[in-house]
Amino acid sequence: MNISLCTITFRHHLMSLGEIAAWAQSNDFQGIELWGAHARNLAQQPDRNADWLDTLGLKVPMLSDYLPLDGDPETLRHKTVELCRLARRWRTRKIRTFAGNRGSLSVCEEERQLIVDRLKEICAIIAGYGIRLLVETHPKTLADTAASTLRLIEEVDHPAFAINFDTLHVWEGGDDPIVVHRQMKQHIRHYHLKNVRDRSDLQVFEPANVYAAAGSRDGMTPLFEGTVDYVDLLLEIADGEQIDASLEWFGNDCLDILRRDRRQLRRVIERQEPARRAINFS
């Protein structure tokens with residue numbers, strides 16, 4: 001299992017990519033998931049690219065961005081091409097986005113079809129760059145439940161279309177992550193790993209709160225201290241083929257938390273398991 005940290009973790013920190021990369025290298029990370037905003041800002045630094053990361057033994061497994069699926073189609077095409085060019089610079093073959101900004105139960109069939117058609121168009125563009133488009137399982141999108149996500153996979157029906165499996169959000173949608181993983185495993189190309197203290201704390205991950213420098217971080221927990229038990233899922237996804245996953249931490253004390261989570265993650269994968277806790281699906 002190749003484990004990355006996310007540069008979005010450092011969205012409010014005065015740390016350069018060089019400092020982040022050096023820390024990642026010394027703490028057993030194999031990659032750096034690059035936030036789209038950071039990738040665009042780094043475009044003015046020609047010495048920061050995939051070749052430079054190679055010297056540190058790191059890679060960029062995925063660019064994570066937000067394509068405006070329901071906006072102007074020409075703007076969408078332009079931004080897609082821009083992301084593909086940035087992905088080429090960092091030699092990554094995955095771009096993450098969301099399937100719109102409204103939940104599956106909040107859209108009519110015509111609105112859903114618009115998002116599906118736009119996803120198909122994006123896939124046609126990025127396939128020419130040898131890249132996959134990964135839609136993240138996420139609330140308030142068309143990938144907010146297992147049923148809607150599986151339907152979306154069938155509707156888009158494109159070889160460049162895949163899933164970024166955010167375990168916490170799958171659980172948030174009311175589904176059993178292990179069951180859902182088995183249902184869509186062949187379509188999953190990346191995993192996001194994070195946890196929460198309790199279901200009542202899920203609002204802490206609302207974008208308006210996460211992206212606010214003064215937002216609350218109360219309820220965010222280290223990976224193995226939250227309400228979702230990751231042990232069985234991690235043992236399952238780490239069994240066999242090599243996969244990519246990112247520790248997605250939005251809270252405080254990021255270096256300490258990421259260091260600790262990375263160490264415990266290795267222990268789980270190597271079957272030196274931490275204490276198990278039951279998953280609460282209520």
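## Helices α6 and α8

Helices α6 (residues 146-156) and α8 (residues 177-184) are roughly parallel to each other, because their axes cross at roughly 10° and angles under 35 degrees count as roughly parallel, over 145 as roughly antiparallel, 65 to 115 as roughly perpendicular and the rest as oblique. The two axes come within 11 Å; axes are lines fitted to C-alpha atoms, for helices over the stretch in contact, and angles run from 0 to 180 degrees between N-to-C directions. Helices (H or I, at least four residues) and strands (E, at least two) are DSSP runs, numbered from the N terminus.

This is a predicted model, in which local features need pLDDT of at least 70 and side-chain atom pairs count only at pLDDT 80 or more, while totals for chains, interfaces and linings use all residues. Residues are numbered from 1 along each chain as its sequence is written, and side-chain values use heavy atoms, with hydrogens and water left out.

In the contact (heavy atoms within 4.5 Å), Ala146, Thr149, Leu150 and Ile153 of α6 meet Val180, Gln183 and Met184 of α8. These residues divide into 5 nonpolar, 2 polar and no charged. Here Ala, Val, Leu, Ile, Met, Phe, Trp, Tyr, Cys and Pro count as nonpolar, Asp, Glu, Lys and Arg as charged, and the others, Gly among them, as polar.

## The buried face of α8

Pro177, Ile178, Val180, His181 and Met184 are the buried residues of α8, where buried means under 20% relative accessible area, exposed over 50% and partly exposed in between (1.4 Å probe, protein chains only). Seen down the axis of α8, they fall within an arc of 165°, so they line one face of the helix; the arc is that of the directions from the helix axis to the C-beta atoms. The cover over these residues includes α6, β6 (161-166), α7 (167-172), β7 (188-193) and α10 (231-237).

## Helix α5 and its two neighbours

The axes of α5 (residues 109-127) and α6 come within 10 Å and cross at roughly 55°, which makes α5 oblique to α6. On the α5 side the contact is made by Glu109, Arg112, Val116, Leu119, Lys120 and Cys123, and on the α6 side by Ser148, Arg151, Leu152, Glu155 and Val156. By class, this contact of α5 with α6 has 5 nonpolar, 1 polar and 5 charged residues.

The axes of α4 (residues 73-89) and α5 also come within 10 Å, and cross at roughly 35°. Pro73, Leu76, Arg77, Thr80, Val81 and Cys84 of α4 make the contact with Arg118, Glu121, Ile122, Ile125 and Ile126 of α5. The contact of α4 with α5 has 7 nonpolar, 1 polar and 3 charged residues.

## Helix α1

In α1 (residues 17-26), Leu17, Ile20, Ala21, Trp23 and Ala24 are buried. Down the axis of α1 these residues fall within an arc of 165°, so they line one face of the helix. They pack against β1 (2-6), β2 (31-35), α3 (50-54) and α11 (254-269). Asp28, which follows α1, has a positive phi, near 70°.

## Two loop residues

Pro139 lies in the loop between β5 (132-136) and α6, and counts as partly exposed because its relative accessibility is 23%. Not counting residues up to four places away in sequence, Pro139 touches Asp144, His169 and Glu172.

Gln44 is placed in the loop between α2 (36-41) and α3. With 68% relative accessibility, Gln44 counts as exposed.
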